[in-house]
Each structure stands twice: as C-alpha cells, then as structure tokens.
Amino acid sequence: MSDTKIYKGLAGVVADYTAVSKVNPDTNSLLYRGYPVQDLAANCSFEEVAYLLWHGELPTAEQLVEFKKECWNSRELNQRTIDVVMSMPLDCHPMDVLRCAISFLGADDEYHFTESIEHIKKTGRALLSKIPTIVALDIRRRRGEGYITPRNDLGFTENFLWMVFGDGPDSPLNKPGDVECFDKSMILYAEHSFNASTFAARVVTSTQSDVWSSIVAAIGALKGPLHGGANEAVMHTMIEIDDPARADDWAKAKLARKELVMGFGHRVYKKGDSRVPTMEAAFKKLASEHPGSEKWVEMYDILAQTMYDNTSINIRPNLDFPTGPAYYIMGFDIPFFTPIFVMSRITGWTAHIIEQYENNSLIRPLSAYNGRDQREVPTA
C-alpha cells in the first residue's frame, strides 16, 4: 500500500484562492467580501447581500433599484416549466424537482456552454428570480393547491411568502417577525467558501461546462444530509424527541452510541458557528410570536447545553440547528427546508462560478491506489 499521505474529505487541503468569503480566525466571524455576516444580517436586505457577493461591493440606492428590477421582472415561469414541475412524482424529494426544473431551464438557453462572465451573471439573476417560484409551486401542488403568480411589487422574501401562503390573515407575509426571520436566514445561508456544493460547482465550471450544469451539480451535493439536508434532519430529531423533558437523555444516548447528532459541529469553526447567534435570536423571537412554539425553544436550549457539556471539544450548534425549527414554525413542510437553502445559496454559487471562470484551472486531484497489483487475465 502506498505511503502517500491521504487527506480524507480533502480536510485541511487549500485548493485555490477566493475573494468571496472567509472565516476570520481572529474574530471567528464569517466574512462576505470582508463584511461580517452578522452585521450584514442586522443592516442589509437579502437583495443587497446578493449584489455584494456578485459585484464585490454593496449597491448604491440606484444600483439596488436596477438590480431588483432585473431580478423581479423574470420571476414568472413559462407554461413548459410549470408542466415539468407538475409532472414530477408527488413522493419524490423536492430537491429532485428543483434539480430537474433547472436542467430544463438550462436546455432553453441559446448558449450550450458558458459564453462570458455576463452570461453567468444573467443566469444567476434568472435563477435567483425563478428558483423561489419553482419551490413555491412544488409546495402548493403537493398540498393540492393552485399556482400563485409571483408579484413584481414585493421584495425577495415577501414575494416568496406570498407565492407559498398567499396574503390571508394567517400568512407569514403579514407577520413582520416571520418576514424578518426568513430574510435573515437567506443572508446567513448565502455563502460559505469552499463547502461541498460550492466545490462541486467549481469542479464542473473548471471543465468549461455550462453554468446550468454547475448549479445542478451543486444542488446534488446540497441535497445530502451531511450538507444542506441537515436542517431537515434537525427538525425530524425535534419531532422524534417531542417533549423537552426527553431531550437531555436522548442526546446522551446518541453520544453514548457515538452516533451523529445533526445540527451540531462544523469543520471550519473551532469556537462555534458565527452565524448561529443571529439566527438563534431570530428563531427565539419568532417562536415568541407563535403560541405553542415554546417547546421547540426549550428543546433547542437543552440539546445545545447537553451537547456542549458532554463532548470533549464542547460541540456547539451550527446554522442548521436554529433554522430548522424556525422554518417549521413558519409553516414550511420539512422536505422543503433544503430547496429553501438553494434559494439563498444560488448567490454564493454564482459568485464562485464567476471566480472559477475568470482564473480557471481544471480541478483534477490524484488518488492513491490500494487495489490489486498488476495481474494477468486468465485464459482458457
């Protein structure tokens, strides 16, 4: 067997440069283009952050108006795309629907391969506009409800809530706390350096394939429960526990069996996920405005404390832990938590695809062979 040092999962391997984001080890803050994400979540809208990731700077008032116009005017789906979504099995995972719908949209592109940076940006704007419409349509069709046409007079978050829930008295659209919490989650999920899905998108881009294929590859990676699917697993865990009084024993039993507890730990952060305090505060504020949701907060606090107290490295929650119950309280079906993640992360993926395209080198790592030595094929 080779004595080559293997970095399983590429842990610790620096594959390339990026100017899109980083975790500042001195402050333990995730930075988007140099700005701490918690500051962006406190002071900016999701549209402003999307612009920042793609252009490197926050927009002026005039630039933001133009950017919104470019995105909002392409929210509608043509009938062929609607038919694709409606034809998908009702029992398939929503990420499968999203993956297929985006492949179909890519087939409509007049360019079979990525033509330029502007083509990538144009595709990114189209996906930022249309992915929420696809997700909303899929949510409603599974509930036996009709398609709600997107509105051009609403911002990103408000329009999505409108397309899913309408504007009735119980709609999150008419609850400022829900709107604020959802918008913050979009900002916090938008980008995270060379994570698995972003790296998948960069690998495909490095082959000089088309931008649509890069996004489809990223969606495939994000679907996994060790990546984007973790927010779904968090809520399934909480429903399984059901009673906060059972949470401590449940977590200790998991740890005793050396089983993974989803929503905890992160390969990049050593002092806790810097996005969590912002999302945790938004989740707890949201729960306080929804009677009957207190048990999710109580369970959250017990699980977080038990995991911290009973692990040798004091494992803390990651972003998925407060986001899962927040989405559940708002009324989203659990299988759609990850497609909602895509609605946000399309911004980070697009920024990295641009960066890879501008300074490309084919990503093709080596491997250490540990199979059979050379041998002869047996003859009769």
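Guide: Let us begin with burial: a residue is called buried under 20% relative accessible area, exposed over 50%, and partly exposed in between, with a 1.4 Å probe and protein chains only. This is a predicted model, in which local features need pLDDT of at least 70 and side-chain atom pairs count only at pLDDT 80 or more, whereas totals for chains, interfaces and linings use all residues. Residues are numbered from 1 along each chain as its sequence is written, and side-chain values use heavy atoms, without hydrogens and water.

Visitor: Is Asp138 buried or exposed?

Guide: Asp138 is buried, at a relative accessible area of 1%. Arg142, by contrast, is partly exposed, with 25% relative accessibility.

Visitor: With which residue does Asp138 form a salt bridge?

Guide: Side chains of opposite charge can pair when their charged atoms come close. The rule for a salt bridge asks for a side-chain nitrogen of Lys or Arg within 4 Å of a carboxyl oxygen of Asp or Glu. Asp138 pairs in this way with Arg142, their closest N and O atoms being 3.0 Å apart. Both residues belong to helix H6 (residues 117–142), four residues apart, or about one turn of the helix. Here a helix is a DSSP run of H or I with at least four residues, a strand is a run of E with at least two, and numbering starts from the N terminus.

Visitor: Into which domains is the chain divided?

Guide: Domain 1 covers 21–225 + 335–358 and domain 2 covers 229–329; such bounds come from an automatic or database domain assignment.

Visitor: What is the area buried between domain 1 and domain 2?

Guide: The size of an interface is often given as the accessible area lost when the parts come together. Buried area is this loss for two parts, found with a 1.4 Å probe and summed over both. Between domain 1 and domain 2 it is about 2,200 Å², and carbon and sulfur atoms give 60% of it. Asn28, Tyr189 and Phe337 supply 30% of the area that domain 1 buries against domain 2, more than any other three residues.

Visitor: How many salt bridges are counted between domain 1 and domain 2?

Guide: The count is one salt bridge.
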